[in-house]
Amino acid sequence: MPAPLISPAPPLTAVHLVTLGCARNEVDSEELAARLEDGGFRLVDDPEDADAVMVNTCGFVEAAKKDSVDTLLQAADLKAAGRPQAVVAVGCLAERYGSELAESLPEADAVLGFDDYADVAGRLSHILAGGRHETHVPRDRRTLLPLAPAQRRAAARTTAIPGVPTQTSPVTPLPDGLAPASGPRAYRRRLNGSPYAPLKIASGCDRRCAFCAIPAFRGAYVSRTPAEVVSEARWLVEQGVREVMLVSENTSSYGKDLGDIRLLESLLVDLGAVDGLERVRVSYLQPAEMRPGLVEVMTSLPHVAPYFDLSFQHAAPGVLRRMRRFGDPESFLGLIESIRAANPLAGIRSNVIAGFPGETEADVEVLSEFLVAARLDAVGVFGYSDEDGTEAVGLGGHLDEDEIEARRAAMADLADELVTQRAEDRVGEHVRVLVEEVAGQGDASETVGRAAHQGPEVDGSVSLGVGHAGVVGTFVDAVVTGSDGADLRAVA
């Protein structure tokens, strides 16, 4: 009797996932990827091979919002040409504007908010089947959790917060390659083979900076427990990661809702016990929240990169007060001096805003003098732009766009010059380089990585030269021999 014919299983529905914005968005994309895969989808690298394109948008500043909309429109053009079948917006821009974005961008088939993440596979299946998604009306997500930080943890278990465990998170083992479920926690599927990975330790922000809309759409500050963070770090090491960067909207506030504002210090110690994790990097630190104990831990533990991502934003006291921030050149330079006294080779980076409402020529000079004195390793310079719903929109003293751009360009030129000088000062230093890329083969190969003072993607790199046979994911001890802007040249 002939064997019965068995029809091959139909291919899984394909999704192409695009990630825009910061490292926190990268973690959110890996959560979405895991939920989609667990829900029966497969991920593809080429949008023309996809049944759906999902764009994880950024909603931080005007340029980022434009980039997000342009990416959605590019995907819609592919759809009009016959592939894919659906274009879906997720992420910060989608959460922030919700129904308003859906109405103004009919080219997108759906706009999903954070509350949709837990069942993103079901939502996408419904959309691909021709169903209509009811887009959320934006709301201030700070109102979803108690005002008192100590009361938030229990409430957070039933509130949708990307990257923070809820009661709907998995509690059973997941398919191979997905983050293990050792209790309620977020899904995660790595989307690349990099030896570096961001690791989210908290979500949301309690600060009220006049220029920033992030707290309204990301919500109040919620920390993950140290056990959750350490467990995910172990899983990342199993996936080939050798360096993690701890990320959140405000990392220096970690633990305040768990009853211990110094919990970051003990978490850094705990991460040292993770076998195979060779470097831990900390990002998004508030200068006003820095404390001597944190500086000591970050400059003394061998597995912690002496790397300080300090959010100065400006240096003129009057501008900082209008921004609803704290500080002045003296206190900022004192903090920098304390860091370099503990570790002279520490890397320090920051961002500043040019053209904030009410900024005078004298304020610009104060900021310029501060940057000259600070000798930072990397400086991001942004021109001020009004953000919907922020206090700064209603402030007097707005500058015209041309003046803002002129100040931004001048400050950026100064920053580039200062960063170049700082890199030149590192010639002769011994650095430990994490190899991230090896291009070419044999004598024509070039090995590129990052030293401890260089954050991923934005702070420059180290080239070990042509002919060095590096291996991605290994560390190489080297001596700096030259520089090109923020980038260094070194020999093993």
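R96 forms a salt bridge with E387, with 2.9 Å between the closest N and O atoms. The pair ties together distant parts of the chain, since R96 sits in helix α3 (residues 91-97) and E387 in the loop between β13 (378-383) and α14 (401-425), 291 residues apart. R96 and E387 are both buried. The model is predicted, and its protein chain contains 14 helices and 18 strands.

**Overall form**

- The protein chain has a radius of gyration of 23 Å, which agrees with the value near 23 Å for a compact globule with 492 residues.
- Taken along the principal axes, the C-alpha atoms of the protein chain fill a box of roughly 85 × 60 × 50 Å.
- Of the 492 residues in the protein chain, 53% are buried.

**Salt bridges**

- The structure holds 43 salt bridges, among them the R96 and E387 pair described above.
- A salt bridge also joins R407 and E359, at 2.9 Å from N to O. This pair links distant parts of the chain: R407 belongs to helix α14, while E359 lies in the loop between β12 (347-354) and α13 (361-374), 48 residues apart.
- R407 and E359 are both buried.
- D116 pairs with R123 in a salt bridge whose closest N and O atoms are 2.8 Å apart.

**Cysteines**

- The structure holds 0 disulfides. A disulfide is a covalent bond between the sulfur atoms of two cysteines.
- For C58, the closest cysteine sulfur is that of C92, and the 6.2 Å between the two sulfurs is too far for a bond. The cut-off for a disulfide is 2.5 Å between cysteine sulfur atoms.
- C58 counts as buried because its relative accessibility is 13%, and buried means under 20%.
- For C212, the closest cysteine sulfur belongs to C209; the distance is 6.2 Å, so this pair is too far apart for a bond.
- C22 is located in the loop between β1 and α1. With a relative accessible area of 24%, C22 is partly exposed.
- C22 and E417 are 395 residues apart in sequence, and their C-alpha atoms are 25 Å apart in space.

**Second largest pocket**

- The second largest pocket holds about 470 Å³ of space.
- Its lining has 24 residues, and those nearest the centre of the pocket are T19, E26, E30, L191 and N192.
- By residue class, the lining of the second largest pocket divides into 9 nonpolar, 7 polar and 8 charged residues.
- At least two lining residues come from each of β1 (13-19), α1 (23-38) and β6 (196-200).
- β1 gives the largest share of the lining of this pocket, with 4 residues.

Key:
Residues numbered from 1 in each chain as written. Predicted model: local features only at pLDDT ≥ 70, side-chain atom pairs only at ≥ 80, totals over all residues. Heavy atoms only, no water. Buried < 20%, exposed > 50% of the residue type's maximum accessible area, 1.4 Å probe, protein only. 1 Å grid on protein atoms, 1.4 Å probe; cavity = no way out; pocket = protein on both sides within 12 Å on 5 of 7 lines; lining within 4 Å. Points joined across faces, edges and corners; volume = space filled by probe spheres on them. Nonpolar A, V, L, I, M, F, W, Y, C, P; charged D, E, K, R; others polar. Salt bridge = Lys/Arg side-chain N within 4 Å of Asp/Glu carboxyl O. Rg over C-alpha atoms; globule rule 2.2 N^0.38 Å.
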